Protein chains: 2
Amino acid sequence: MDFFSQLKATTQKNHSLLCVGLDPDTSLLPSGISLLDFNKAIIDATADKVCAYKPNLAFFESKGARGWEILQQTIEYIPREIPVIADAKRGDIGNTSKAYAKAIFEYLGAGAITVSPYLGYDSLTPFTKYENKAVFVLCLTSNQGAADFQLQVIKEKDQERALYQAVAEKAELWNTNRNIGLVVGANYPSEIKSLRYKHPNFTFLVPGIGAQKGDLKAVMDAGLNTSGHGLIINSSRQILYSSREKDFAFAAAATAETLRCEINQYR
Amino acid sequence: MDFFSQLKATTQKNHSLLCVGLDPDTSLLPSGISLLDFNKAIIDATADKVCAYKPNLAFFESKGARGWEILQQTIEYIPREIPVIADAKRGDIGNTSKAYAKAIFEYLGAGAITVSPYLGYDSLTPFTKYENKAVFVLCLTSNQGAADFQLQVIKEKDQERALYQAVAEKAELWNTNRNIGLVVGANYPSEIKSLRYKHPNFTFLVPGIGAQKGDLKAVMDAGLNTSGHGLIINSSRQILYSSREKDFAFAAAATAETLRCEINQYR
């Protein structure tokens with residue numbers, strides 16, 4: 001099954017648009033638990049509350065080869081019906097992107113990846129050509145530095161628009177396999193609204209709820225498509241570190257459940 | 001010693017501005033040799049001809065955890081005095097970039113990294129704050145897709161300039177630890193010339209010579225700084241796959257030596 005069909009099925013089954021981001025920061029884990037056991041406990045506690053999981057590669061790579069093993073084991077542990085988005089922010093010239101695609105889609109078996117658009121079309125093709133996989137292109141990110149380039153106005157022929165809008169428009173042109181989505185930060189509800197208007201068919205992966213303080217209601221109002229889908233609301237730290245004691249999994253389940261319901265309130 | 005001092009020392013000792021890119025593509029290796037042994041043979045054959053090595057993470061990640069082990073062993077095998085640039089094209093929000101920096105600088109022990117600027121200032125700070133390490137920011141890349149965004153004209157106040165120029169200008173502002181460099185493709189000699197004029201102190205990491213067909217003489221004329229430095233000329237495939245038979249290391253040494261001398265002719 002392709003990524004977006006799997007996403008739809010899991011969204012319906014779990015009645016959820018919540019994605020749990022797996023950003024296991026060793027310095028924040030409850031004492032005495034291994035990275036892998038922490039991830040497994042979080043997955044066990046939330047698997048009936050999510051539409052997807054999003055492991056963040058940086059937190060595994062900081063442990064080197066062993067981290068990549070844990071990443072692989074974590075992805076294998078996720079129930080097969082739940083889609084996995086590898087948050088990797090990759091993007092390079094063609095033959096290098098091809099090797100990254102092999103790493104993420106074939107070696108790790110993830111269903112989707114996040115990519116950076118800076119290198120343009122031919123840096124994304126090696127990912128999008130995997131027709132059953134999805135490619136979430138960074139569009140407008142939730143950090144302050146988004147203003148440095150993403151919000152700058154670019155001039156092309158007679159048109160003026162922000163770089164992030166140009167990225168969304170190009171992504172639309174490049175979406176011949178219908179497997180592209182966009183990453184848009186939760187702190188930009190009005191930009192999400194205009195992106196939704198121009199791109200009714202894109203799914204937006206939205207980080208920045210919770211630890212990064214986006215306004216959930218505004219995001220939902222702005223970003224849902226006409227069938228009440230089209231959003232993947234990610235929360236990482238708020239859920240993973242709800243408690244840093246032995247009850248962390250219980251606390252994560254409770255926070256995830258609250259967030260799942262809150263999201264559904266606004267659908 | 002910090003990266004740029006190490007680069008200068010190796011450049012002088014080996015009389016070389018040549019960087020060998022370690023992009024070990026299994027499908028192109030001579031038959032019967034392991035990835036690690038291939039890398040070691042290439043390093044043995046070229047260590048007296050280079051100013052730096054640039055392992056490309058994608059080609060290791062496509063082998064998963066075992067690939068990261070080989071990457072670590074490859075970096076460990078490189079003589080300590082030769083600087084290592086991890087070609088990783090990373091860049092994410094602050095706490096994630098921090099984890100990537102830990103992976104590249106602490107776990108792998110690389111002296112420098114390539115990063116993507118799309119997320120702006122706070123995505124780069126976690127890397128640049130390692131004062132002894134260097135951070136090469138993607139500016140103008142050698143692939144066709146560079147035209148999609150990097151060459152677009154952006155308007156800021158009364159100024160109009162290409163996105164890649166804005167990236168270079170911001171990188172200059174952010175260079176408070178004097179440890180930033182730029183990645184500029186060899187196929188853009190006139191852009192390199194104007195970047196050199198505006199940014200006399202930046203070191204440019206230049207891919208695209210060889211397999212990607214940049215014009216070496218034009219690049220050297222345009223990019224050298226007033227002391228005959230400021231360029232790292234990278235070649236990967238042209239050197240690694242000079243021969244795909246048992247004599248591959250001998251052939252790699254010969255190609256690297258030819259390129260080293262050709263580069264020096266134009267200094």
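This is a predicted model: local features need pLDDT of at least 70, side-chain atom pairs count only at pLDDT 80 or more; totals for chains, interfaces and linings use all residues.
Let me start with one pair of residues: A:Lys155 stands opposite B:Val153, which sits in strand β6 of chain B.

Strand β6 of chain A, residues 153-156, runs antiparallel to strand β6 of chain B, residues 153-156, and the two are linked over three bridges.

Now the interface as a whole. How many residues does each chain bring to the contact? Chain A gives 58 residues, and chain B gives 58 residues. Between them, the two chains bury about 5000 Å², and 57% of that lies on carbon and sulfur atoms. Which residues of chain A lose the most area to chain B? They are A:Tyr118, A:Phe149 and A:Lys155, and together they account for 17% of what that side buries.

Next, the polar side of the interface. There are eight salt bridges between chain A and chain B. In one salt bridge, B:Lys170 is joined to A:Asp148, with the closest N and O atoms 4.0 Å apart. Polar contacts across the interface of chain A and chain B come to 33 residue pairs, both residues of each pair being at pLDDT 80 or more.

Where does the side of chain A that touches chain B come from? Its largest share is seven residues from helix α5 of chain A, residues 94-107. Sorted by class, that side of chain A has 26 nonpolar, 17 polar and 15 charged residues.

Last topic: backbone angles in chain B. Most residues other than glycine have a negative phi. Two residues of chain B are worth looking up with that in mind.

Take B:His15. It is not a glycine, yet its phi is positive, about 45°. B:His15 lies in the loop between α1, residues 3-14, and β1, residues 18-22, of chain B.

Then B:Lys89. Its phi is near 50°, again a positive value in a residue other than glycine. B:Lys89 is part of strand β3 of chain B, residues 85-90. Its relative accessibility is 7%, so B:Lys89 counts as buried, because buried means under 20%.

Methods: Residues are numbered from 1 along each chain as its sequence is written. Chains are lettered from A and ligands numbered from 1 in the order in which they are written. Side-chain values use heavy atoms; hydrogens and water are left out. Contact means heavy atoms within 4.5 Å. Buried area is the accessible area (1.4 Å probe) that two parts lose on being put together, summed over both. A salt bridge is a side-chain nitrogen of Lys or Arg within 4 Å of a carboxyl oxygen of Asp or Glu. A polar contact is a pair of N or O atoms within 3.5 Å; within protein, one must be able to donate a hydrogen and the other to accept it, and residues adjacent in sequence count only if both atoms are side-chain atoms. Helices (H or I, at least four residues) and strands (E, at least two) are DSSP runs, numbered from the N terminus. Ala, Val, Leu, Ile, Met, Phe, Trp, Tyr, Cys and Pro count as nonpolar, Asp, Glu, Lys and Arg as charged, and the others, Gly among them, as polar. Two strands pair if DSSP finds at least two bridges between them. Buried means under 20% relative accessible area, exposed over 50%, partly exposed in between (1.4 Å probe, protein chains only).
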